[in-house]
Each structure stands twice: as C-alpha cells, then as structure tokens.
Amino acid sequence: MEFLFLVVLILLNGVFALSEMAIVSSRKPRLKAMADRGSRGARTALKLLEDPSRMLSTVQIGITLIGIVAGAYGATALADDLAPFVADLAPGLEVYAPQIAFGGVIALTTFMSLIMGELVPKRLALAAPEALAAFVAPLMAFMANIAAPVVWFLRTVTDGVIRVLGLNRTRQED
C-alpha cells in the first residue's frame, strides 16, 4: 500500500510536468483554431498562456510539494519495511540495514521520479502538445486558482528580491 501511494505521487508529479511542457510548447495558432472549433480546454490553455508566470509557479508549487511528500514518505514508510529484507539478504551488514534501506529507497524514488514523474511525461507532451494542453488546461486552471495566494506571495517576494538586487530595470537592446 505504501509503495502504491508513492507511485501515485510520482504519477501526479508527471501530470504537472506533462501539463507544463504541453502548455508552454503549444503553438498559439493551433490552440486558437481548436478553441474556434469549440474546445473549452484550448480556450483555457490560451488563458493560461496569457500569464505563464502564474501557471509555471503553480506547476512548480505542485511539483515541489509532491517531491517533498514523496521523499519524506518513501524514506520513512518504505525504508522501515525494507530494512528487515536487507538484514536477511546480507547478515553481515545487519547493523547497517536501516541506512542501506533508506539509501535504496531514496535512489529508487529518485530514479522513478525522474523517469515516470518528469522525462516520460515531458516526452509525451512534446509529441502532442496542443491536444494535451487542451486536455490538462482545465485542471491546471483549477490548480492555479487554488494556489493563487501562494503564487501571489512568491511573486511578491521574488519581485522584492529582484528590486533589492537592483535587477528590476528592463533589459536594454545593444
């Protein structure tokens, strides 16, 4: 059951990664054509692209929270279950079984997160960005509304740091 929960978290991370890549990789004229044919998802994707910073912040918040929960949960729940197996497998290392199990779970979680939570979803998104953007846009718009207070706070702090560093001037062309 713990492993299944971890897999669900990694796949949820994949939904965020796929959504980000599909929406930002979509061609606006194709989304507009889909919207003109009646696709509500395409209209929503176009609205998300009007403020990409908001959508990207929402995705980053989701990915970060999922990563923290997956890491903490996997490291504790699964490592505790795996330690006796490691001790039985290598009796001479029994004293180190909890640490070996912990490291193994971290390595496996990281590997699964990279493959199923990032790389495969992003490749899928690049294969059909507009169709996937239209499909995931309503979910991302909903998530952006939920995350709006956190996004506002992060944007405000980021803008403040940029101003303090004196980097708020617009970039000038040479």
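## Close-up views of a predicted model

In H5, the buried residues are Ala 97, Ala 101, Val 105, Thr 109, Met 112, Gly 117, Glu 118, Pro 121 and Ala 125. Keep in mind throughout that this is a predicted model.

View 1. H5 has 31 residues, and from its first C-alpha to its last it reaches 43 Å. That is close to the 45 Å expected at 1.5 Å a residue. Follow the helix along and you'll come to a kink of about 30°, centred on Ser 113.

**View 2. A nonpolar patch on the surface.** Here we turn to side chains on the outside. Phe 3, Leu 11, Leu 108, Phe 111, Leu 114, Ile 115, Met 116, Leu 119, Val 120 and Leu 124 form a nonpolar patch, and together they have about 900 Å² of accessible area. Two elements give two or more residues to the patch: helix H1 (2-25) and helix H5 (97-127). Which of them gives the largest share? That would be H5, with eight residues. Val 120 makes a handy example: this patch member lies in helix H5.

**View 3. Helix H1 and its buried residues.** H1 also has a buried set: Leu 6, Leu 9, Ile 10, Asn 13, Gly 14, Phe 16, Ala 17, Leu 18, Ser 19, Ala 22 and Ile 23. What do they pack against? The answer is H3, H4, H5 and H6. H1 is made of 24 residues and reaches 35 Å from its first C-alpha to its last. At 1.5 Å a residue you'd expect 34 Å, so the actual reach is close to that.

View 4. Side chains of opposite charge can pair when their charged atoms come close. A search of the whole structure finds four salt bridges, and one of them joins Glu 130 to Arg 30. Their closest N and O atoms are 3.7 Å apart. The pair links distant parts of the chain, with Glu 130 in helix H6 (residues 129-164) and Arg 30 in helix H2 (residues 28-36), 100 residues apart. Are the two partners buried or exposed? Glu 130 is buried, at a relative accessible area of 7%, whereas Arg 30 counts as partly exposed at 46%.

View 5. Asp 36 and Lys 32 meet through their side chains in a salt bridge, at 3.3 Å from N to O. Both residues lie in helix H2, four residues apart, which is about one turn of the helix. Asp 36 is exposed, with a relative accessible area of 58%. Lys 32 is partly exposed, with a relative accessible area of 47%.

View 6. Another salt bridge brings together the side chains of Arg 155 and Asp 51, 3.1 Å from N to O. How far apart are they along the chain? They sit 104 residues apart, so the pair links distant parts: Arg 155 in helix H6, and Asp 51 in the loop between helix H3 (40-50) and helix H4 (52-89). Both count as partly exposed, Arg 155 at 32% relative accessibility and Asp 51 at 29%. Now find Ser 53, in helix H4. Ser 53 is partly exposed too, with a relative accessible area of 36%.

View 7. Ala 87 is found in helix H4 and counts as buried, at 13% relative accessibility. What does Ala 87 contact, leaving aside its neighbours within four places in sequence? Its contacts are Glu 94 and Ala 97. The C-alpha atoms of Ala 87 and Ala 97 are separated by 5.3 Å, with the residues ten apart along the chain. Val 95 lies in the loop between H4 and H5. Val 95 is exposed, with a relative accessible area of 61%, and its C-alpha atom is separated by 9.9 Å from that of Ala 83, twelve residues apart along the chain.

Conventions: Residues numbered from 1 in each chain as written. Predicted model: local features only at pLDDT ≥ 70, side-chain atom pairs only at ≥ 80, totals over all residues. Heavy atoms only, no water. Buried < 20%, exposed > 50% of the residue type's maximum accessible area, 1.4 Å probe, protein only. Patch = residues over 30% accessible without salt bridge, like charges linked within 9 Å, V, L, I, M, F, W, Y side chains within 5 Å. Areas by Shrake-Rupley, 256 points an atom, 1.4 Å probe, with all protein chains shown as cover. Contact = heavy atoms within 4.5 Å. Bend = angle between axes of the 7 residues up to and from the residue.
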